[in-house]
Amino acid sequence: MRNPIPTVGLGTFRLQGQIVIDSVRDGLAAGYRHIDTAQIYENEAEVGRAIADSGVARDELFVTTKIWIDNLAADKLIPSLKESLRKLRLEQLDLSLIHWPSPNGTVPVSEYMAALAEAKAAGLTRLIGVSNFNNALLRQAIDAVGAAEIATLQVEIHPFLQNRAVVDFARSQGIPITAYMPLAYGKVMQDPVLASIAAGHGVSAAQIALAWSLQQGFAVIPSSTKPANLASNLAARHIVLSHDEMAQIAALERNERLANPAGLAPQWD
C-alpha cells in the first residue's frame, strides 16, 4: 500500500515550551525526520524554532500539523493554515490533517475537505488527510475529495485498542494509517505479554508495541522527552516479530480507548 509518510515520527502532544523544543531538537539529532504537531497543541512556534535551529535541510523533513475544529469553516481553514506555517517558519507543510470532525456536523465534511484540497492546490501543503474519523465520516471525506487524495487516517491504535473496523475500511480504500498513542501512554510497559516478547528479543516492551504497529504497515508517532527513549523508539523499525508473536499481541485487544473527549469524539465503530 502506498505510504508517503515516514514510518516513525515524533509526536508532540502535551509537550510545551522548552520541553518540546528539547524533544524536537534531540529527536532530530537522533535521526527523526517526521515531526507531528497540531494547532491546538499550542507548540507550533516552539516546534518551528527547534526545526530552524537544527540545521536539518527542509527537504529531509516531513512536518505535519492538524487543523482545529474552530478553523474548519471554509473562510477560516486556509488562513489558519497560513498562521501555522508562520509559526512553524515553513513555506509548506508536508501533511495537513483535519484534527477532529466538526462536532455534531456543524461544518459539513464536504466543506472542510474542499477547503483542505484548496490549500493543497495553493501549495500550502503537499499532502492532506484526516484524524479521528469513524467509517461514516471517512466515507464522506472520500466522497468529497477522493480516496487517493487522503494521504492518511490518523487514529489511536495500540495493542489494547486496535480499531480494526476503521483500519479494515481505510485499507479497503487504499488509505494508509498513522497510529497515535502507540504506547498507550506508557501502559504497554506494564503488560506481561509484551514484556515476555521483549525479553526474547532483548528489547523493551515499548519497542515491541511499536514494532507490532510498524509490521502492520502503520506509521507511528510516539512522543518522548528522553534521548534514550527517542533513540529506542526509532530503533523499533529493525525488530521483526514472528507470526505467533503478532498473534499474541493481537489478543491483547480490550477496546481501551484513551482519547475520547466528550463533545468532540464521533460515534466510534
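Predicted model: local features only at pLDDT ≥ 70, side-chain atom pairs only at ≥ 80, totals over all residues.
Colleague: At roughly what angle do the axes of helix α1 and helix α9 cross?
Modeller: Helices here are DSSP runs of H or I with at least four residues, strands are runs of E with at least two, and both are numbered from the N terminus. Axes are lines fitted to C-alpha atoms, for helices over the stretch in contact, with angles from 0 to 180 degrees between N-to-C directions. The axes of α1 (residues 17-30) and α9 (residues 227-235) come within 9 Å, and they cross at roughly 45°.

Colleague: Which class of orientation does that give α1 relative to α9?
Modeller: Angles under 35 degrees count as roughly parallel, over 145 as roughly antiparallel, 65 to 115 as roughly perpendicular, and the rest as oblique. The crossing angle of α1 and α9 is roughly 45°, which makes α1 oblique to α9.

Colleague: How many nonpolar, polar and charged residues make the contact of α1 with α9?
Modeller: With contact meaning heavy atoms within 4.5 Å, α1 contributes S23, D26, G27 and A30, while α9 contributes P227, L230 and L234. Ala, Val, Leu, Ile, Met, Phe, Trp, Tyr, Cys and Pro count as nonpolar, Asp, Glu, Lys and Arg as charged, and the others, Gly among them, as polar. By class, this contact has 4 nonpolar, 2 polar and 1 charged residues.

Colleague: Is the crossing of α3 and α4 left-handed or right-handed?
Modeller: The axes of α3 (residues 74-88) and α4 come within 9 Å and cross at roughly 35°. A crossing is left-handed if the near helix is turned anticlockwise from the far one by less than a right angle, and right-handed if clockwise; the crossing of α3 and α4 is right-handed.

Colleague: How do the residues of the contact of α3 with α4 divide by class?
Modeller: From α3 the contact takes A74, L77, I78 and L81, and from α4 it takes E111, Y112, A115, L116, E118 and A119. These residues divide into 8 nonpolar, no polar and 2 charged.

Colleague: How many residues apart in sequence are the parts that the pair of F13 and Y41 ties together?
Modeller: Rings of Phe, Tyr and Trp (its six-membered ring) pair if their centres lie within 6.5 Å, with planes under 30 degrees apart counted as stacked, over 60 as edge-to-face and the rest as tilted. F13 and Y41 form a tilted pair, 5.3 Å centre to centre with 45° between the planes. F13 lies in the loop between β1 (10-11) and α1, and Y41 in the loop between β2 (34-36) and α2 (44-54), so the parts tied together are 28 residues apart in sequence.

Colleague: Are Y112 and F133 buried or exposed?
Modeller: Their ring centres are 6.4 Å apart and their planes at 80°, so the pair is edge-to-face. Buried means under 20% relative accessible area, exposed over 50%, and partly exposed in between (1.4 Å probe, protein chains only); both Y112 and F133 are buried.

Colleague: Which elements do the buried residues of α8 pack against?
Modeller: In α8 (residues 205-215), 10 of the 11 residues are buried, so this helix is largely enclosed by the rest of the structure. Among them are I208, L210, W212 and L214. The elements they pack against are β7, α7, β8 (219-220), α9 and α10.

Colleague: What relative accessibility does A184 have?
Modeller: A184 lies in the loop between β7 and α7 (192-201), where its phi is near 50°, a positive value in a residue other than glycine. A184 counts as buried, with a relative accessibility of 0%.

Colleague: Is N255 buried or exposed?
Modeller: N255 sits in the segment after α10 (243-250), and its phi, near 55°, is a positive value in a residue other than glycine. At 55% relative accessibility, N255 counts as exposed.

Methods. Residues numbered from 1 in each chain as written. Heavy atoms only, no water.
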